[in-house]
Amino acid sequence: MPALTPTPKQQIYGSDGNPLVGGKIYTYAAGTTTPLATFTDAGGLTANTNPIILNSLGQANIWLGSSSYKFSVFTSADVLLYTVDNINAPLDAAGLALALSSPTPIGNTVPNTGAFTTLAATTGNITTVNATTVNAATITATGTITAETLTFEGGGSMTRPSEAGIQSITATVAANALTVTLNPTTLDFRSATLTSGTVVSRPITSAISVVVSSGSTLGTVSTVQSRIVVLALDNAGTVELAVVNISGSNDLTETGVISTTAEGGAGAADSASVIYSATARTNVAYRVVGYVESTQATAGTWVTAPSTIQGYGGQALASMSSIGYGQTWQTVTRTVGTTYYNTTGKPIAIAYTAATSIAGSIFTITVGTEPAIYGPTRDTIVGNNNITAIVQPGKSYVLGLTAGVINSVVSIIELR
């Protein structure tokens, strides 16, 4: 198909309508005053002078490179006539064919990492809305979808950080300290603004850790198994770790925000109800990523390796930690006045029945540091009397008698 011939030579006219003989054209990179060369022929081997000096007909051979230009046109007496910015070489047939055959790879365009929204990473091919396909490879390990790379037919690639179905955590003891680590993953966090339902995704590209120093007990008790919950904090886009003793009865439902206290070194992190991180944080969104169970001979001296290291994922563990789930009523032996601990990792119920020959005897169950729970009428009657209580995970409990006499313990049963 015939086409209109391009201008074989660039010709510039002055304000009087005549060819701009001896005129000057300064060429710059678009939007700047940085000189940018043009060329005397299509080969692009010989650069024009800058400025370009127009001949006796106001003409010059001006061939452009692939960049965008800014031209400033002056008279031979250096009087500025005008400036034109963002000048580009027209796309010829060969250039158009090349552009269509090799489109800019998606992976070369920001953002080139992150979770996919319109492409599903599955083994095999992905069919796009225009019915073309791109190659996609997914590597799957047990319990974890590893980082994926999509390689596009036009060139380039896009990488997606790993997303763990169950979070991968480690816990080690050394030099009497406990170190807990969260391995690379991607976590979704709620907004730190409680009135917003926005969710943000935070990739964790390298392992992060938190250290419980030698001498810091986290409120654990010597020779008693503890469960330390591991939390991930969204500190303005940077994910950090925190730990808290489950016996502290903190709300860890992920439905709000939390504040933490700096771990602070030996002996500075001794409360079961305080959430500790390397640096104190205020009102941050969080995720529960796992827990660590261990029994230390001396609380705060972390020398015995954890007996259980569990990463969290989905809602399975949340439901399984509810009272009554996977539990049965069991007859147990308990001595009045002795302190016991709920080390099951979930709430338990206790029902305590005893006989007395003295009316007004007062039976109690004391859970942790809470006020004592009394029998149904506080002052018992002669005969059998029953008292029940719920004991939270990690809490201590004591069966007691504050007045009167216990002739015999009829039964003690626990839902555990």
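Which residue in β32 is the bridge partner of A349? In β32, that partner is L415.

## About the model

This is a predicted model, where local features need pLDDT of at least 70, side-chain atom pairs count only at pLDDT 80 or more, and totals for chains, interfaces and linings use all residues. Residues are numbered from 1 along each chain as its sequence is written, and side-chain values use heavy atoms, without hydrogens and water.

Strands here are DSSP E runs of at least two residues, numbered from the N terminus. Two strands pair if DSSP finds at least two bridges between them.

An open sheet of 4 strands runs β25-β32-β27-β30, with antiparallel pairing. β25 (329-331) and β30 (383-391) each have a single partner strand, so one side of each is left without a neighbour in the sheet. Inside the order, β27 (348-356) and β32 (408-415) pair over 7 bridges.

## The three-strand sheet

Another open sheet has 3 strands, in the order β14-β15-β18. Its pairing is antiparallel. The edge strands are β14 (169-174) and β18 (208-212). β14 pairs with β15 (177-182) over 6 bridges. T172 stands opposite T179 in β15.

## Nonpolar cores

A nonpolar core joins buried Ala, Val, Leu, Ile, Met, Phe, Trp, Tyr and Cys residues through side-chain atoms within 4.5 Å. Buried means under 20% relative accessible area (1.4 Å probe, protein chains only).

The largest core has 24 residues, and L182 and L218 touch the most other members. Strands that each supply at least two of its residues include β14, β15 and β18. Apart from it lies another core of 15 residues, among them V332, Y340, A354 and I387.

Conventions
Buried means under 20% relative accessible area, exposed over 50%, partly exposed in between (1.4 Å probe, protein chains only).
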